Amino acid sequence: MKKLLVLFLILVLAFSVVACSPSEEPGKNGQTSGEPVVGGTLRIGVQSEVANVAAWRLRSPQETLIWSAIYEPLFKMGANGEVVPYLAKSIEADPENLTYTVTLREDVYFSDGSHLDADVLLWNFENFKENSQIAGRYFSDVESFEKTGDYTVVIHLSRWNSQMPFSLTENPGLMYSKKAFDEHGYDWCMENPVGTGPYKLENWVFGESKTLVKNENYWNKDATVYFDKIEFPVIPEEMTAQAALLSGDIDAFYGPSNATMAEMLEKGGFHVTSGKLRSRIIFLIFGSDVKGDSPLEDVRVRQAISYAIDSEAIAKNIDKGLTYACRQYAVPDTPFYNPEIEGYGYDPEKAKQLLKEAGYENGFVTTIYVGLDNPFEDYMVAIQGYLKEVGIGVNLVYQDVSLWSTKTMFEIDDGMVLIGHGFGANLVNQMADNFSKRAVDGSGMLKLSKLHPDDLHEEIMAAISATDEETMYKHVHAAGKMIIDKYCLGYPVVMGPFANVLMREDIVDDHWIAHYSDFFDYTGVYRVQ
Amino acid sequence: MTQRSEVLLDVRNLKVSFFTHFGEVKAVNDISYYVNRGEVIALVGESGCGKSVSQMSVIQLIQSPPGRIMGGEVIFEGKDLLKYGANSKEMRAIRGKEISMVFQEPMTSLNPVFTIGKQLEEVISTHMGISKKEAWEKGVKALAAVDIPDPEERMKNYPFELSGGMRQRVLIAMAIACQSKLIIADEPTTALDVTTQAQIMELLMSIVKERGTSLVIVTHNLGLVSRYSERIYVMYAGRIVESGTTRDILTSPRHPYTVGLLNSVPRLEDDKDKELVPIEGMPPNLIDLPDTCAFMPRCRYAFDKCAGSRAPELRKVGENDHYAACYLDAGEGSIQ
Amino acid sequence: MNSLGAYTRNRILLSLFIIFAVSVFAFLIVHLMPGDPVRAVLGIEADEAAVQKMREELNLDKPFLTQYWLWMKGIFKGNFGRSLTLNTDVGELIGRRLPVTLSLTIPALIIAAIFGIIIGVICATNRGSIADQLLTVLVTIANGVPIFWIGIMMIYLFGVLLGWLPLMGYASPFESFVEYLRKAAMPVSILAIRPMAEIARQVRTNMLEVINQDYIRTARAYGLSERKVKYKYALKNALIPIVTLLALQARDVAGGSVLAEQVFSIAGMGQLIMISVLNRDFPVIQAIVLVITVIVVFVNLLLDISYGWLDPRIRMTARKVIN
């Protein structure tokens, strides 16, 4: 027995000697003197592993975060909502001939050394149209693509679509190496990213971590690539991520919950960065059935609901100021924003009055559906409370995501759905997908709304087929007004930044996420001394 | 018969108590007895009179707590065993080798997950310092000595494969395997059926006679005692109340308890109409025993001296070292 | 009479049957779950054409039995299908993650068993002593505290405050044994706590019971040393029910590993189970259920057989009593 005890003690000692090693010093100097450091590693924690790798398959925000370091788009968005050239030099619209002509820069190279030219561009376009699961949203009006020069490709439309330049700032604009495809085939490309960006994939331990290294052949000599390596460890548990940030194990964490953000900001030593243009809207859609006897069929009822909810209070109290109240389906400070839309503030008296007018003085009971994978409990409870004040009883139903997606879910007869989705430059396309008559068999999320009035449809279509920007914006504004003021097809609960990254104070975001594009620019982030 | 010649075991003034929530239980309250080499004696008494406890104390098998040997000497071959610690090397060398004990529950006294052979071999090799193979051989021989047929095969059996009688034989085999000088058999046949009882006892006796082993039979069964033992000690409430040769005790018992015991056992030669006379009353509570004679409440012959005096000491009441602890004088009326 | 042989053979046959039954059950459950797995993967925005294409690729348009048959056929060839959400071969996925989880759960069980038995024996043989009382209290606490909370606390203590141990991730023992020890220290400890407490409790109870048995008295009466009496004669009897307990604990540890892997960011089977169920990734779910069943059945089989070895009474079907 004694011998066993001694052996045990020895084991414990040996173990503690091995286990106790000094951890990396996180460098808590505090002073950020502002001198960017070139070199080193940036570690960004993400909460889940990603499934899609190929440029034309990217779907989730995590995928955007990670692969932005590898892929670059043809165009980017500017501060005033304009389309800015990047990999492409220009895009020329010819409404009469129903074409767009895209001209590439001539000095762009992929990390595998291949050159970005018209052949490659052509392949990318065709590949996207063929293999992307959201091709419909962007290329449904495209008839064909044609190479017309070493660096030019023409897009032939079947009818005019004013959104093409905006579309090319998003997924369809990402360029993948054709050489890689030719050499390795489609399946290989689905698992290996090859792009023009400042980094390339060095190592991927599935489920654990990815390591990206500096692309030595990066074509963009004007940009500084600060970090030698970027690592993306997978940390499914938010509390562990918090601990990792505190111990210096990671430099940043993507997609923290509002609670975590508030806590860490309070602790000090951390700050949050997020996208400037792309926003996330929490939207309450009315799934009214046109022919039914649902109270929601009456626009006054929908308006009453909108008046009953206090968005400012929600933004302040639930989200601690990290979101804001926005009365329309558009992002403020962008050209899509229509200052003439009134929207619905917080006015419970008016809500009750409208209900009375509609004949529901004694209120009624309805249901709100929400997907299980959304952290919307707080919103749900708040909305339930507000509606109760005006006499509307609400049942909250949590739905499994896959149940959402089946046809049966689309045909809810009565009730509302609370969803969150991002939008930015692509507003018009999303409007078309969700509110126009295309919605019914399109690929939008808001096809749940049954109401697709003719005039709204007309406006949206007019926006798409507008041949100049001014006209387009005019129609977008009109459509926006109809969605909110006239028909009240949904209520914007709150709006907030789309991509939130919680990071240490010594990491500076110059134009990494905090800019107007969909994709993150990894030449815009660095650590300071 | 020469008394006190070649004494093997001499127990003097042994006291053993158990300390419980309710108080001190004086299970063994100052007993003295002896066993000669090659002798067979019996320790007789009812359940709870302290006979088992006294024997277990001889080899210090009592769990302490709650039990404790309060005093006395256990002199075995000239050495006081009580001077050794319960788990000391010396005691362990005694147990199973010099003094072996056979318990009354053959069904549960063998370890169910080891074979008979393993258990025998373990005991033998512990004491004899020989190889496992040799110990195994000795085990086989021991089984043969207790008349177990096919001993080689039986060594490989597990206890549950054997009947009660067989298991008891195995336990006896264990007791004789190391050529013990003294075997203590605590109610060796109580758990067995009548025919088996006879077999076992015959076996035990033949072995004992053959090897010159001393035997202490602890029992409540007077029939056993009459046939096999040479001397008897009668115990009651933790004390020895009468001692003497078997013949003397059976033919002229001098303690009322012994008389009562004898009267309550049917005998073949008795008239079938003769009534059995049980001893009235219950055995005493061993906690807070009064100073007076413990048997007094149940004694037909109790008289005024008994109530007024301390418990009587053993006094010689006959030739051949016949002692009884009673105030009734010899010759003061028969107590038949 | 080689009863052990017959006993073993029967157990094996039973196990095979169980595996088969569970495979059918697993398949049914996944396919009868409400919700469309294809849409769950492609997303709500996906268009009909893409959805239909995927449905065909996954054989979801074929009749039930055909699907089951195709799946089983694939399994026998070693093809477990392809994960829908993770874009990899399921066999590869499991092949990568299973060793990870095993390298954490098995040591946890072993540690739990060893220390549990030691603690239990100490408590039993020193009954009533301070050590016994203290350990009993600790054991009771260990049973009540949730794994999740302990995990987070440990991370803060050892990872953030003291900086002794890395707070997440995994390293294979074959690549760097030291790194493996450092990273596995916390998760293994957490997984071992409950089983250890339970085993200690049971061992203590059993030992106390066994120590009072007549055959122990016999052993003592024949001069066997206390050590031998306790650790050979008593322990072997006391451990018999522990074998069954281990089987139960193995299941608990497997369940606990789901949480532990989440908290410590370990890419093992636990995490895989969680993700694949949430994502309706049915090829993975099916494969996992099958693999886990096989493992559990195998472990139970082993334990059953060792049970038969430990306690000879179990193996005997016809008890021939020798007179």
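In helix α16 of chain A, the buried residues are Leu427(A), Val428(A), Asn429(A), Gln430(A), Met431(A), Ala432(A), Asp433(A), Asn434(A) and Phe435(A). Buried means under 20% relative accessible area, with a 1.4 Å probe and protein chains only. Helices here are DSSP runs of H or I with at least four residues, strands are runs of E with at least two, and both are numbered from the N terminus. The helix spans residues 427-435, and because 9 of its 9 residues are buried, it is largely enclosed by the rest of the structure. Those buried residues pack against α4 (135-139), α5 (164-167), β14 (279-286), β17 (416-423), α17 (454-465) and α18 (469-486) of chain A.

This is a predicted model, in which local features need pLDDT of at least 70 and side-chain atom pairs count only at pLDDT 80 or more, while totals for chains, interfaces and linings use all residues. Residues are numbered from 1 along each chain as its sequence is written, chains are lettered from A and ligands numbered from 1 in the order in which they are written, and side-chain values use heavy atoms, without hydrogens and water.

An automatic or database domain assignment divides chain A into domain 1 (5-22 + 50-190) and domain 2 (279-497). Contact means heavy atoms within 4.5 Å. Buried area is the accessible area (1.4 Å probe) that two parts lose on being put together, summed over both. A salt bridge is a side-chain nitrogen of Lys or Arg within 4 Å of a carboxyl oxygen of Asp or Glu.

| Interface | Residues in contact | Buried area | Salt bridges |
|---|---|---|---|
| Domain 1 and domain 2 of chain A | 17 residues of domain 1, 17 residues of domain 2 | about 1,400 Å² | 0 salt bridges |
| Chain B and chain C | 35 residues of chain B, 29 residues of chain C | about 3,000 Å² | 3 salt bridges |

Between the domains of chain A, carbon and sulfur atoms give 47% of the buried area. On the domain 1 side, α4 and α5 of chain A each supply at least two residues.

Between chain B and chain C, carbon and sulfur atoms give 59% of the buried area. In chain B, Val113(B), Glu122(B) and Phe160(B) lose the most area to chain C, together 21% of what that side buries. Glu122(B) also forms a side-chain salt bridge with Lys228(C), at 2.7 Å from N to O. The elements of chain B that give two or more residues to this side are β6 (99-102), α3 (116-128) and α6 (164-177). Of these, α3(B) gives the most, with 6 residues.

How values were computed:
Buried < 20%, exposed > 50% of the residue type's maximum accessible area, 1.4 Å probe, protein only.
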